[in-house]
Amino acid sequence: MNYYEILGVNRDATIKDIKKAYKALAKKWHPDLNRDNIKVAEEKMKELNIAYTTLSDEVARIDYNKKLDAESKTSAKTGSTTQSQSGQKQRQSTSQRQSSAPTSDKVDFENIHSSFESFFGFNPKTKEVTNEDKLNTFASDRKKKNPLDTTDLFEKFMGFKVK
């Protein structure tokens, strides 16, 4: 089953339609309202959440539509992919995409100075410049006295020079 079917909306549904369908189904399947069938309700809510998260995000929705199109072409050629297999693959790929964020983008809060250093090129503890290029990205003159001076950044953003 695909995400549009899970939410009961057409592929050309607006974000507003998707949100409305999600809210109605979430009220129907919320585990607190289905205490006699909690396992089924929890599974339904997981499906609804994945479908809503994907379809309510424009970029994720475009990617999902591309995958749907590719899978429908593949299944039309081979005839071997059933709807349940297709839905399962889509749910797995979305959950993998959501959980497979690059580790370099994550901040290590226990060692925040190293994250700061790798991003800005300056170690705040030792006051040592570790990457001149990152440090002076916005600098017109490459030798700044204050590594945390944001004047150039401000001037480029605002479009005028500070005197």
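These legends describe close-up views of salt bridges and a neighbouring residue in a predicted model.

**View A. Salt bridges across the whole structure.** A search of the whole structure returns two salt bridges. One joins Asp69 and Arg11. Another joins Lys46 and Glu43. Side chains of opposite charge can pair when their charged atoms come close.

**View B. The Asp69 and Arg11 salt bridge.** The closest N and O atoms of this pair are 2.9 Å apart. Asp69 is partly exposed, at 33% relative accessible area. Arg11 is also partly exposed, at 36%.

**View C. The Lys46 and Glu43 salt bridge.** Here the N to O distance is 3.6 Å. Both residues belong to helix H3 (residues 38–56). They are three residues apart, about one turn of the helix. Lys46 counts as partly exposed, with a relative accessibility of 49%. For Glu43 the relative accessible area is 45%, which means partly exposed.

**View D. Asn65 and its contacts.** Asn65 is placed in helix H4. Its relative accessible area is 15%, so Asn65 is buried, the cut-off being under 20%. Leaving aside residues up to four places away in sequence, Asn65 touches Tyr4 and Arg11.

Conventions: Residues are numbered from 1 along each chain as its sequence is written. This is a predicted model: local features need pLDDT of at least 70, side-chain atom pairs count only at pLDDT 80 or more; totals for chains, interfaces and linings use all residues. Side-chain values use heavy atoms; hydrogens and water are left out. A salt bridge is a side-chain nitrogen of Lys or Arg within 4 Å of a carboxyl oxygen of Asp or Glu. Buried means under 20% relative accessible area, exposed over 50%, partly exposed in between (1.4 Å probe, protein chains only). Helices (H or I, at least four residues) and strands (E, at least two) are DSSP runs, numbered from the N terminus. Contact means heavy atoms within 4.5 Å.
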